[in-house]
Amino acid sequence: LKAADGSPEIHLAGSVLANDFYLLERTDDNTLPYITADQIYTGTLKNSGEELQLYDAGNNLIDPVNCSAGWFAGDNASKQTMERTDPELSGSHLDSWATSQNPGGTPKAQNSAIAITEEPVIEEEPQPESQPEPQPVVYPSGIVITEILPSPLGPDVEEEWIEIFNENAQETDISLWQITDTVGTTKTYTFPEKTIIEAKGFLVLYRPVSEIILNNSGDTLNLSQPNGNILDSVTYEKAPRNHSYSKTIYGWKWSNVLTPGEINVVPSPKKELVGDVSPDTISSDTPSTSSPTIKELAAVGKQIPESSLKSLYIFLIALGLAIFSGAIILFLKSKLKTENAIR
(Lines give C-alpha, C1' and ligand atoms only; values in the text may rest on other atoms or scores of the structure.)
Protein backbone atom coordinates (compact mmCIF):
# COMPACT_ATOMS: atom_id res chain seq x y z
CA LEU A 1 0.00 0.00 0.00
CA LYS A 2 1.62 3.20 -1.11
CA ALA A 3 0.99 6.82 -1.88
CA ALA A 4 1.72 8.14 -5.37
CA ASP A 5 4.29 10.58 -3.94
CA GLY A 6 6.15 7.66 -2.26
CA SER A 7 5.15 8.37 1.37
CA PRO A 8 3.87 6.33 2.98
CA GLU A 9 4.89 3.02 1.37
CA ILE A 10 3.86 0.00 3.40
CA HIS A 11 4.76 -3.63 2.74
CA LEU A 12 1.84 -5.50 4.28
CA ALA A 13 2.31 -8.71 6.25
CA GLY A 14 0.08 -11.33 7.78
CA SER A 15 -3.45 -12.22 6.70
CA VAL A 16 -7.04 -10.99 6.90
CA LEU A 17 -9.82 -13.27 7.99
CA ALA A 18 -12.90 -13.60 5.79
CA ASN A 19 -15.28 -10.66 6.20
CA ASP A 20 -12.85 -9.09 8.67
CA PHE A 21 -10.65 -5.99 8.91
CA TYR A 22 -6.89 -5.23 8.86
CA LEU A 23 -5.86 -2.17 10.90
CA LEU A 24 -2.70 -0.11 10.35
CA GLU A 25 -1.57 2.52 12.90
CA ARG A 26 1.08 5.18 12.38
CA THR A 27 4.29 5.15 14.44
CA ASP A 28 2.96 3.06 17.39
CA ASP A 29 -0.12 1.30 18.76
CA ASN A 30 -1.21 4.17 21.03
CA THR A 31 -3.48 5.98 18.61
CA LEU A 32 -6.26 3.52 19.42
CA PRO A 33 -5.32 2.32 22.92
CA TYR A 34 -8.25 -0.09 23.20
CA ILE A 35 -7.80 -1.67 19.74
CA THR A 36 -4.72 -3.66 18.72
CA ALA A 37 -3.22 -2.75 15.36
CA ASP A 38 -2.38 -5.46 12.84
CA GLN A 39 0.65 -3.46 11.58
CA ILE A 40 2.54 -0.26 12.47
CA TYR A 41 3.72 2.01 9.62
CA THR A 42 5.72 5.20 9.17
CA GLY A 43 5.01 8.15 6.98
CA THR A 44 2.10 10.57 6.81
CA LEU A 45 -1.12 11.17 4.91
CA LYS A 46 -1.44 14.77 3.80
CA ASN A 47 -4.48 16.67 5.06
CA SER A 48 -4.88 18.16 1.59
CA GLY A 49 -5.32 14.75 -0.05
CA GLU A 50 -3.41 11.75 -1.38
CA GLU A 51 -3.49 9.18 -4.15
CA LEU A 52 -3.29 5.70 -2.56
CA GLN A 53 -2.78 2.41 -4.38
CA LEU A 54 -3.19 -1.16 -3.15
CA TYR A 55 -1.19 -3.93 -4.91
CA ASP A 56 -1.15 -7.69 -4.51
CA ALA A 57 2.02 -9.81 -4.16
CA GLY A 58 2.33 -9.97 -7.98
CA ASN A 59 2.44 -6.16 -8.15
CA ASN A 60 -1.06 -6.01 -9.66
CA LEU A 61 -3.08 -2.91 -8.80
CA ILE A 62 -6.05 -4.11 -6.80
CA ASP A 63 -7.72 -0.88 -5.63
CA PRO A 64 -6.84 2.79 -6.28
CA VAL A 65 -8.08 5.80 -4.32
CA ASN A 66 -7.25 9.02 -6.12
CA CYS A 67 -7.94 11.91 -3.78
CA SER A 68 -4.93 13.96 -4.88
CA ALA A 69 -7.23 16.95 -5.42
CA GLY A 70 -8.65 16.59 -1.89
CA TRP A 71 -10.24 13.95 0.27
CA PHE A 72 -13.76 13.00 -0.87
CA ALA A 73 -15.18 13.02 2.67
CA GLY A 74 -14.25 13.32 6.34
CA ASP A 75 -13.82 16.35 8.61
CA ASN A 76 -10.46 17.19 10.14
CA ALA A 77 -11.95 19.63 12.64
CA SER A 78 -14.42 17.11 14.15
CA LYS A 79 -12.13 14.16 13.43
CA GLN A 80 -14.84 12.38 11.46
CA THR A 81 -13.26 9.90 9.09
CA MET A 82 -13.74 9.16 5.39
CA GLU A 83 -15.57 5.82 5.05
CA ARG A 84 -16.02 3.52 2.07
CA THR A 85 -19.73 3.04 1.33
CA ASP A 86 -19.79 1.03 -1.90
CA PRO A 87 -16.99 -1.47 -2.55
CA GLU A 88 -18.46 -2.25 -5.98
CA LEU A 89 -17.53 1.23 -7.23
CA SER A 90 -13.93 2.33 -7.89
CA GLY A 91 -12.16 3.78 -4.87
CA SER A 92 -11.45 6.85 -6.98
CA HIS A 93 -15.18 7.52 -7.42
CA LEU A 94 -16.69 10.21 -5.23
CA ASP A 95 -19.86 8.16 -4.59
CA SER A 96 -17.78 5.39 -3.03
CA TRP A 97 -17.15 7.46 0.11
CA ALA A 98 -18.97 9.29 2.92
CA THR A 99 -18.17 11.07 6.19
CA SER A 100 -18.44 8.85 9.26
CA GLN A 101 -21.31 9.47 11.62
CA ASN A 102 -19.10 9.55 14.70
CA PRO A 103 -15.77 11.26 15.38
CA GLY A 104 -12.91 8.75 15.24
CA GLY A 105 -14.72 6.51 12.78
CA THR A 106 -15.23 2.76 13.30
CA PRO A 107 -11.78 1.07 13.35
CA LYS A 108 -12.00 -2.74 12.90
CA ALA A 109 -15.82 -2.49 12.74
CA GLN A 110 -18.51 -1.96 10.11
CA ASN A 111 -18.50 1.55 8.68
CA SER A 112 -21.22 3.78 10.13
CA ALA A 113 -22.33 5.07 6.74
CA ILE A 114 -22.91 1.51 5.52
CA ALA A 115 -24.84 0.68 8.66
CA ILE A 116 -27.18 3.58 7.98
CA THR A 117 -27.58 3.22 4.22
CA GLU A 118 -28.02 -0.53 4.18
CA GLU A 119 -31.49 -1.75 4.95
CA PRO A 120 -31.36 -3.96 8.01
CA VAL A 121 -32.37 -7.55 7.52
CA ILE A 122 -35.21 -8.25 9.86
CA GLU A 123 -36.35 -11.75 10.35
CA GLU A 124 -40.09 -11.62 10.41
CA GLU A 125 -41.73 -13.75 12.97
CA PRO A 126 -44.46 -15.94 11.56
CA GLN A 127 -47.77 -14.24 12.05
CA PRO A 128 -50.69 -16.26 13.27
CA GLU A 129 -53.45 -16.71 10.79
CA SER A 130 -55.93 -13.91 11.09
CA GLN A 131 -59.05 -14.98 12.85
CA PRO A 132 -62.41 -13.36 12.22
CA GLU A 133 -63.46 -11.05 15.02
CA PRO A 134 -65.94 -12.76 17.30
CA GLN A 135 -69.44 -11.45 16.85
CA PRO A 136 -71.47 -10.66 19.98
CA VAL A 137 -73.98 -13.36 20.85
CA VAL A 138 -77.58 -12.19 20.59
CA TYR A 139 -79.89 -14.12 22.88
CA PRO A 140 -83.62 -14.36 22.13
CA SER A 141 -86.26 -12.56 24.16
CA GLY A 142 -89.80 -13.72 24.80
CA ILE A 143 -88.89 -16.27 27.49
CA VAL A 144 -90.89 -15.51 30.66
CA ILE A 145 -91.79 -16.98 34.04
CA THR A 146 -95.55 -17.60 34.06
CA GLU A 147 -96.49 -19.68 37.11
CA ILE A 148 -94.88 -20.81 40.37
CA LEU A 149 -96.04 -23.00 43.27
CA PRO A 150 -94.28 -22.02 46.52
CA SER A 151 -96.60 -23.74 49.04
CA PRO A 152 -97.95 -27.02 47.65
CA LEU A 153 -100.39 -29.30 49.42
CA GLY A 154 -97.68 -31.94 49.82
CA PRO A 155 -94.02 -31.64 50.86
CA ASP A 156 -92.36 -28.45 49.55
CA VAL A 157 -89.11 -30.25 48.80
CA GLU A 158 -90.88 -32.54 46.33
CA GLU A 159 -93.80 -30.58 44.90
CA GLU A 160 -92.64 -26.97 44.39
CA TRP A 161 -92.25 -25.97 40.75
CA ILE A 162 -91.57 -23.08 38.37
CA GLU A 163 -93.17 -22.73 34.94
CA ILE A 164 -91.46 -20.97 32.01
CA PHE A 165 -93.19 -20.06 28.74
CA ASN A 166 -91.78 -19.44 25.23
CA GLU A 167 -93.75 -16.59 23.64
CA ASN A 168 -91.87 -16.95 20.34
CA ALA A 169 -93.28 -18.52 17.21
CA GLN A 170 -90.24 -20.80 16.95
CA GLU A 171 -88.49 -23.16 19.34
CA THR A 172 -85.88 -21.49 21.53
CA ASP A 173 -82.64 -22.84 22.97
CA ILE A 174 -82.09 -21.70 26.57
CA SER A 175 -78.92 -23.72 27.19
CA LEU A 176 -76.77 -22.16 29.95
CA TRP A 177 -79.51 -19.70 30.92
CA GLN A 178 -79.97 -19.38 34.69
CA ILE A 179 -82.79 -18.97 37.16
CA THR A 180 -82.01 -17.70 40.67
CA ASP A 181 -83.93 -17.00 43.86
CA THR A 182 -82.75 -14.05 45.96
CA VAL A 183 -84.24 -14.47 49.45
CA GLY A 184 -82.94 -16.70 52.24
CA THR A 185 -80.84 -19.63 51.10
CA THR A 186 -80.30 -18.65 47.49
CA LYS A 187 -79.69 -21.10 44.67
CA THR A 188 -78.87 -20.70 40.99
CA TYR A 189 -79.92 -23.32 38.48
CA THR A 190 -78.19 -23.43 35.09
CA PHE A 191 -80.13 -25.00 32.27
CA PRO A 192 -78.06 -27.79 30.69
CA GLU A 193 -76.93 -27.96 27.07
CA LYS A 194 -79.63 -28.57 24.44
CA THR A 195 -82.48 -27.28 26.62
CA ILE A 196 -85.13 -26.44 24.03
CA ILE A 197 -88.61 -24.96 24.58
CA GLU A 198 -91.02 -25.50 21.72
CA ALA A 199 -92.79 -22.57 20.08
CA LYS A 200 -95.57 -21.32 22.38
CA GLY A 201 -94.53 -24.13 24.73
CA PHE A 202 -93.93 -24.53 28.44
CA LEU A 203 -91.07 -25.85 30.54
CA VAL A 204 -91.76 -26.88 34.15
CA LEU A 205 -88.81 -26.95 36.53
CA TYR A 206 -89.41 -28.98 39.71
CA ARG A 207 -87.52 -28.39 42.94
CA PRO A 208 -85.83 -31.86 43.06
CA VAL A 209 -84.12 -30.86 39.79
CA SER A 210 -83.44 -27.14 40.35
CA GLU A 211 -82.94 -27.32 44.15
CA ILE A 212 -84.41 -23.78 44.26
CA ILE A 213 -86.34 -23.14 47.48
CA LEU A 214 -89.45 -21.00 46.99
CA ASN A 215 -89.89 -19.41 50.40
CA ASN A 216 -93.50 -19.50 51.58
CA SER A 217 -93.07 -16.10 53.24
CA GLY A 218 -92.08 -14.46 49.95
CA ASP A 219 -89.25 -14.53 47.42
CA THR A 220 -87.93 -13.15 44.10
CA LEU A 221 -86.98 -15.17 41.02
CA ASN A 222 -84.71 -13.87 38.25
CA LEU A 223 -84.41 -15.46 34.80
CA SER A 224 -81.02 -14.53 33.29
CA GLN A 225 -79.39 -15.02 29.90
CA PRO A 226 -75.82 -16.43 29.73
CA ASN A 227 -74.39 -12.88 29.49
CA GLY A 228 -75.91 -12.00 32.88
CA ASN A 229 -78.80 -9.95 31.50
CA ILE A 230 -81.94 -10.46 33.63
CA LEU A 231 -84.69 -11.09 31.08
CA ASP A 232 -87.60 -11.66 33.47
CA SER A 233 -88.26 -11.39 37.20
CA VAL A 234 -91.15 -12.07 39.58
CA THR A 235 -91.60 -11.20 43.26
CA TYR A 236 -94.33 -12.57 45.52
CA GLU A 237 -95.29 -12.13 49.16
CA LYS A 238 -96.72 -14.74 51.56
CA ALA A 239 -98.00 -17.70 49.58
CA PRO A 240 -101.44 -19.23 50.36
CA ARG A 241 -101.47 -23.03 50.65
CA ASN A 242 -101.87 -24.95 47.40
CA HIS A 243 -102.21 -21.78 45.31
CA SER A 244 -99.98 -21.03 42.33
CA TYR A 245 -98.82 -17.51 41.57
CA SER A 246 -99.95 -17.06 37.96
CA LYS A 247 -99.26 -14.42 35.33
CA THR A 248 -102.42 -12.90 33.89
CA ILE A 249 -103.29 -10.04 31.58
CA TYR A 250 -104.08 -8.00 34.70
CA GLY A 251 -100.85 -8.88 36.46
CA TRP A 252 -99.85 -11.69 38.80
CA LYS A 253 -102.63 -13.36 40.81
CA TRP A 254 -102.96 -16.31 43.20
CA SER A 255 -104.99 -19.16 41.78
CA ASN A 256 -106.32 -22.36 43.34
CA VAL A 257 -106.31 -23.95 39.87
CA LEU A 258 -102.81 -25.38 39.32
CA THR A 259 -101.80 -25.66 35.65
CA PRO A 260 -98.13 -26.69 35.33
CA GLY A 261 -97.24 -26.87 31.64
CA GLU A 262 -100.67 -25.64 30.60
CA ILE A 263 -102.65 -22.42 30.09
CA ASN A 264 -103.08 -20.52 33.37
CA VAL A 265 -106.55 -20.45 34.90
CA VAL A 266 -107.43 -17.84 37.53
CA PRO A 267 -111.10 -17.95 38.68
CA SER A 268 -112.46 -14.42 38.42
CA PRO A 269 -115.56 -12.62 37.14
CA LYS A 270 -113.30 -10.98 34.56
CA LYS A 271 -111.71 -12.38 31.44
CA GLU A 272 -108.36 -13.73 32.65
CA LEU A 273 -105.03 -14.68 31.17
CA VAL A 274 -104.80 -18.44 30.91
CA GLY A 275 -101.47 -18.60 29.21
CA ASP A 276 -98.58 -16.36 28.40
CA VAL A 277 -99.32 -13.41 26.18
CA SER A 278 -97.18 -11.02 24.25
CA PRO A 279 -96.58 -7.48 25.53
CA ASP A 280 -98.95 -6.15 22.85
CA THR A 281 -101.77 -8.27 24.26
CA ILE A 282 -100.95 -7.36 27.84
CA SER A 283 -101.10 -3.64 27.03
CA SER A 284 -104.75 -3.92 25.91
CA ASP A 285 -107.29 -2.79 28.55
CA THR A 286 -110.07 -4.85 26.99
CA PRO A 287 -108.75 -8.22 25.78
CA SER A 288 -110.42 -9.86 22.82
CA THR A 289 -112.23 -13.16 23.42
CA SER A 290 -110.86 -14.35 20.09
CA SER A 291 -107.27 -14.38 21.47
CA PRO A 292 -106.02 -17.96 21.99
CA THR A 293 -104.50 -16.97 25.32
CA ILE A 294 -107.65 -15.34 26.75
CA LYS A 295 -110.92 -17.00 27.77
CA GLU A 296 -113.93 -16.25 29.95
CA LEU A 297 -114.30 -18.84 32.67
CA ALA A 298 -117.77 -20.27 31.98
CA ALA A 299 -117.91 -21.83 35.42
CA VAL A 300 -117.99 -18.39 37.04
CA GLY A 301 -121.36 -16.56 36.67
CA LYS A 302 -121.73 -12.83 36.85
CA GLN A 303 -121.77 -11.84 40.50
CA ILE A 304 -123.92 -9.03 41.99
CA PRO A 305 -122.44 -7.26 45.01
CA GLU A 306 -124.39 -7.49 48.32
CA SER A 307 -124.88 -3.70 48.41
CA SER A 308 -126.56 -3.85 45.01
CA LEU A 309 -128.94 -6.57 46.26
CA LYS A 310 -130.05 -4.40 49.21
CA SER A 311 -130.75 -1.51 46.87
CA LEU A 312 -132.78 -3.83 44.64
CA TYR A 313 -134.90 -4.99 47.60
CA ILE A 314 -135.66 -1.41 48.63
CA PHE A 315 -136.53 -0.52 45.05
CA LEU A 316 -138.97 -3.44 44.74
CA ILE A 317 -140.69 -2.58 48.05
CA ALA A 318 -141.06 1.07 47.03
CA LEU A 319 -142.40 0.02 43.65
CA GLY A 320 -144.96 -2.26 45.30
CA LEU A 321 -146.11 0.49 47.66
CA ALA A 322 -146.47 2.91 44.77
CA ILE A 323 -148.56 0.46 42.75
CA PHE A 324 -150.73 -0.31 45.79
CA SER A 325 -151.19 3.40 46.57
CA GLY A 326 -152.10 4.13 42.96
CA ALA A 327 -154.72 1.38 42.96
CA ILE A 328 -156.34 2.77 46.13
CA ILE A 329 -156.41 6.27 44.71
CA LEU A 330 -158.04 5.06 41.47
CA PHE A 331 -160.60 3.10 43.48
CA LEU A 332 -161.48 6.12 45.64
CA LYS A 333 -161.78 8.41 42.63
CA SER A 334 -164.09 5.94 40.87
CA LYS A 335 -166.32 5.59 43.97
CA LEU A 336 -166.54 9.37 44.45
CA LYS A 337 -167.48 9.85 40.80
CA THR A 338 -170.29 7.27 41.14
CA GLU A 339 -171.72 8.94 44.27
CA ASN A 340 -171.80 12.36 42.59
CA ALA A 341 -173.65 10.88 39.62
CA ILE A 342 -176.37 9.41 41.90
CA ARG A 343 -176.91 12.71 43.61
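I take a salt bridge to be a side-chain nitrogen of Lys or Arg within 4 Å of a carboxyl oxygen of Asp or Glu. The model I am working from is predicted.

**Entry 1: K187 and E211.** I looked up this pair and found a salt bridge between the two side chains, at 3.3 Å from N to O. K187 sits in the loop between β11 (178-181) and β12 (188-190), and E211 in the loop between α3 and β15 (219-224), so the bridge ties together parts that are 24 residues apart in sequence. K187 is partly exposed, with a relative accessible area of 30%. E211 is partly exposed too, at 48%.

**Entry 2: whole structure.** I searched for salt bridges throughout and noted 5.

**Entry 3: K108 and D38.** I found these two in a salt bridge, their closest N and O atoms 3.2 Å apart. K108 belongs to the loop between β7 (97-103) and α1 (112-117), D38 to the loop between β2 (24-26) and β3 (39-41), so parts 70 residues apart in sequence are tied together. I have K108 as partly exposed at 33%, and D38 as partly exposed at 35%.

**Entry 4: R207 and E160.** Here the closest N and O atoms of the salt bridge are 3.4 Å apart. R207 is in helix α3 (residues 207-210) and E160 in the loop between α2 (156-159) and β9 (161-166), 47 residues apart. Are these two buried or exposed? I have both R207 and E160 as buried.

**Entry 5: surface charge.** I noted a negative surface patch formed by E171, D173, E193 and E198. I placed E198 in the loop between β13 (196-197) and β14 (202-206). E198 is exposed, because its relative accessible area is 60% and the cut-off for exposed is over 50%.

Terms used. Residues numbered from 1 in each chain as written. Predicted model: local features only at pLDDT ≥ 70, side-chain atom pairs only at ≥ 80, totals over all residues. Heavy atoms only, no water. Patch = residues over 30% accessible without salt bridge, like charges linked within 9 Å, V, L, I, M, F, W, Y side chains within 5 Å. Areas by Shrake-Rupley, 256 points an atom, 1.4 Å probe, with all protein chains shown as cover. Lys, Arg positive; Asp, Glu negative; His and termini not counted. Charge placed at Lys NZ, Arg CZ, Asp CG, Glu CD. Helix = DSSP H or I, 4+ residues; strand = E, 2+ residues; numbered from the N terminus. Buried < 20%, exposed > 50% of the residue type's maximum accessible area, 1.4 Å probe, protein only.
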